[in-house]
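Me: I have a protein model on screen and want to learn how to read it. Can we go through it feature by feature?

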Amino acid sequence: MSGSTITPWVVGNWKMNPIKADALQLVENFKHLLQTNPIDENKCHLGIAPISIALPMVQANFSSANRAIYTVAQDVSKVAGTGAYTGELSAELLVDSQIHYVLIGHSERREFFADDAAALKKKIGNALNAGMTVIYCVGESLEQREACQAETVVLQQICDIASVVESEQWEKIVIAYEPIWAIGTGKTASPEDAQAMHAKIREGLTQITAKGANIAILYGGSVKPENAVELAACPDINGALVGGASLNAESFYQIAQAFANTK
Ligand code: PGA
């Protein structure tokens with residue numbers, strides 16, 4: 001028990017996976033595991049971020065689960081509302097389809113889809129103004145870590161968004177620290193390194209907002225059942241953003257259970 005009052009979050013990021021039949025099976029398998037061995041809602045928030053076309057389907061199928069499982073968009077447009085913006089999906093349209101959670105700033109979007117600080121500020125502003133909860137992803141590259149710039153880079157990424165988050169909106173922000181070198185590589189940050197960065201992020205947040213002590217800071221980067229308990233035991237790690245292991249219902253369930261039982 002870490003004694004933290006923050007309810008942990010365990011969120012599965014399915015990325016550009018899987019095909020529809022497998023997504024439906026994954027949802028059924030996960031619901032079944034929760035049915036057999038429930039995880040108390042007060043002990044762990046659960047979320048799944050499927051591909052955008054599957055959001056309503058996944059949400060509908062989770063509605064028969066024995067507890068809340070949030071459906072999370074993987075991105076949102078930097079354009080608000082509706083209009084002639086081919087290919088875009090705005091925060092208002094997500095909310096119109098009852099999607100109230102969104103990942104913003106994942107390193108894959110920063111790297112491959114030009115999500116720079118200016119774009120991310122617009123996305124976060126739009127999502128918050130539409131009433132969404134934002135899981136904002138930050139993290140350094142291997143080069144930055146080796147050059148001892150990890151803290152500076154990550155704290156800058158937090159500062160980047162400070163000007164668009166109104167003071168009462170910090171309640172709708174969750175941070176996910178995902179060192180890029182740990183994503184999909186099988187290499188996890190050691191619990192000590194992850195905790196040290198989470199403590200720095202916590203310190204940075206408390207300087208920006210009075211709500212800083214209550215913001216959940218998730219760890220992401222090769223989280224699996226084998227390392228989840230150790231990570232969950234760290235006082236400033238308030239959950240996990242899980243990529244690869246969330247595509248297996250049993251692995252994802254075990255990670256959720258680790259956080260629910262350890263916190
Ligand atoms: P991973 O991905 O768990 O496969 O490393 C995490 C993420 O990118 O959110």
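Me: How many helices and strands does the protein have?
Reply: This is a predicted model. The protein has 10 helices and 8 strands.

Me: What does the radius of gyration say about the protein?
Reply: Compare the value with that of a compact globule. For 263 residues, such a globule would have a radius of gyration near 18 Å. The protein has 17 Å, so the two agree. Along the principal axes, its C-alpha atoms fill a box of roughly 50 × 45 × 35 Å.

Me: What share of the residues is buried?
Reply: Buried means under 20% relative accessible area. By that cut-off, 51% of the 263 residues are buried. The accessible surface comes to about 11,700 Å². Carbon and sulfur atoms account for 52% of that surface.

Me: Which residues have the most contacts inside the largest nonpolar core?
Reply: A nonpolar core is a set of buried residues joined through side-chain atoms. Here the largest one has 71 residues, and Ile175 and Ile201 have the most contacts inside it. Helix 10, residues 249-262, gives the most to this core, with 8 residues. Now take Ile201. Leaving out residues up to four places away in sequence, Ile201 touches Val138, Val154, Leu155, Ile158, Ile175, Tyr177 and Ile217. There is also a second, separate core of 14 residues, including Ala49, Leu103, Cys137 and Ala216.

Me: How many positive and negative side chains are there?
Reply: Count each set, then compare their centres. The protein has 19 positive and 28 negative side chains. The centres of the two sets lie 2 Å apart.

Technical notes:
Residues numbered from 1 in each chain as written. Predicted model: local features only at pLDDT ≥ 70, side-chain atom pairs only at ≥ 80, totals over all residues. Heavy atoms only, no water. Helix = DSSP H or I, 4+ residues; strand = E, 2+ residues; numbered from the N terminus. Rg over C-alpha atoms; globule rule 2.2 N^0.38 Å. Buried < 20%, exposed > 50% of the residue type's maximum accessible area, 1.4 Å probe, protein only. Areas by Shrake-Rupley, 256 points an atom, 1.4 Å probe, with all protein chains shown as cover. Lys, Arg positive; Asp, Glu negative; His and termini not counted. Charge placed at Lys NZ, Arg CZ, Asp CG, Glu CD. Core = buried A, V, L, I, M, F, W, Y, C linked by side-chain atoms within 4.5 Å. Contact = heavy atoms within 4.5 Å.
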